[in-house]
Amino acid sequence: MIWYIFWLWLTFEKPSCHPTISQAELIYIENSIGPVSKTLPTLKTTPWKAMLTSMPVYAIIVANFCRSWTFYLLLLSQPMFFKEVLNLEVDQSGIVGALPHLLMTIVVPIGGYFADYLRRREILTTTGVRKLFNCGGFGMEAVFLLVVAFARNHMAVLFGLILAVGFSGFAISGFNVNHLDIAPRYASILMGMSNGFGTLAGMICPIVEENLTNLGTPDEWQRVFLIASLIHFAGVIFYGIFASGEKQPWAEPPDEDNPDEGPSWNPLENAFANENGDVTTSLSDVKQPSYGATTTVIDTREELAQPPSRDTYMQGARDLY
């Protein structure tokens with residue numbers, strides 16, 4: 001409720017409507033986002049086919065699913081894991097259980113700063129930055145989840161869990177802001193789609209965990225965290241191959257001045273095409289345009305304007321002898 005009050009107070013429809021924004025900040029935000037259409041996308045104008053066949057979109061969806069798997073695993077099962085493996089009761093695991101998320105809270109803004117630094121200095125492209133932070137964060141998280149799975153020392157388990165969640169904070173500078181890179185106009189739609197699949201992970205993960213931990217032994221929990229680690233490794237591979245930080249062609253805003261205007265007319269589009277539609281390279285094969293004139297056969301035989309003169313005074317004196 002408190003968050004909602006602050007949201008109503010500080011949130012505005014767009015940067016230009018904010019009453020306290022500086023001109024420099026407004027120009028920076030608008031230039032960073034690029035040209036944005038004044039009209040909002042509708043169900044009809046949204047390029048659903050292009051969006052649903054775009055691999056960078058699926059890279060974001062897969063990354064959201066992978067991250068949500070571990071998020072919901074710890075959110076729902078961390079107290080039980082502490083009790084069955086580390087022998088910590090709920091009242092004893094409060095501070096310890098908060099340490100992983102506290103480290104993540106510190107890592108997220110640091111990762112965002114360095115991601116923007118690499119982009120601003122053009123050390124890496126936007127695509128390179130997104131892949132570096134997402135795959136790096138996921139990869140390190142997967143490694144430390146393996147430590148949690150196979151370690152039998154309580155301190156090693158806690159150490160691995162804290163670092164696993166902490167390194168996942170770098171991925172926020174990867175997939176979590178990637179929507180604005182590839183499609184600023186449809187970022188809200190993509191966020192809803194990816195979060196929907198992330199919630200699906202939150203529905204499947206507890207079922208898997210419950211079926212694997214019937215007895216609550218360390219070996220059963222080992223399988224739980226091994227699966228989480230493998231899911232993150234799969235996310236690293238998929239995102240590393242298919243992710244992109246460039247605006248997609250289907251994400252360009254429509255021309256608002258001429259919304260119904262199709263492609264511009266090219267008067268020479270078919271000028272060098274024969275009757276079969278093939279383009280010819282011989283000028284003799286080019287059919288000359290008539291420009292509206294009717295086809296006429298012209299007689300080109302020589303025709304004198306008047307007969308030759310027979311007068312001597314015009315041709316000079318003749319030799320009479």
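Let's start with Thr126 and what it touches: leaving aside neighbours within four places in sequence, Thr126 is in contact with Arg119, Asp181, Gly245 and Glu246, where contact means heavy atoms within 4.5 Å. Before I go on, this is a predicted model, so local features need pLDDT of at least 70 and side-chain atom pairs count only at pLDDT 80 or more, while totals for chains, interfaces and linings use all residues. Residues are numbered from 1 along each chain as its sequence is written, and side-chain values use heavy atoms, with hydrogens and water left out.

Back to Thr126. This residue sits in helix α6; helices here are DSSP runs of H or I with at least four residues, strands are E runs of at least two, and both are numbered from the N terminus. Is Thr126 buried or exposed? Buried, with a relative accessible area of 15%. The cut-offs are under 20% for buried, over 50% for exposed, and partly exposed in between, using a 1.4 Å probe and protein chains only.

Now the helix packing. The axes of α5, residues 94–120, and α6 come within 9 Å and cross at roughly 150°. Axes are lines fitted to C-alpha atoms, for helices over the stretch in contact, and angles run from 0 to 180 degrees between N-to-C directions. That crossing makes α5 roughly antiparallel to α6, because over 145 degrees counts as roughly antiparallel, under 35 as roughly parallel, 65 to 115 as roughly perpendicular, and the rest as oblique. Who makes the contact? On the α5 side it's Gly111, Phe114, Ala115, Leu118 and Arg119, and on the α6 side Thr126, Val129, Arg130, Leu132 and Phe133.

Next, the aromatics. Rings of Phe, Tyr and Trp (its six-membered ring) pair if their centres lie within 6.5 Å; planes under 30 degrees apart are stacked, over 60 edge-to-face, and the rest tilted. By that rule we get 17 aromatic pairs. Take Phe71 and Tyr72: their ring centres are 5.3 Å apart and the planes are at 80°, so the pair is edge-to-face. Phe71 is partly exposed at 37% relative accessible area, and Tyr72 is partly exposed too, at 23%.

Phe144 and Phe159 also pair edge-to-face, 6.3 Å centre to centre with 80° between the planes. That pair links distant parts of the chain, with Phe144 in α6 (residues 126–150) and Phe159 in α7 (residues 154–168), 15 residues apart. Phe144 counts as buried, at 13% relative accessibility.
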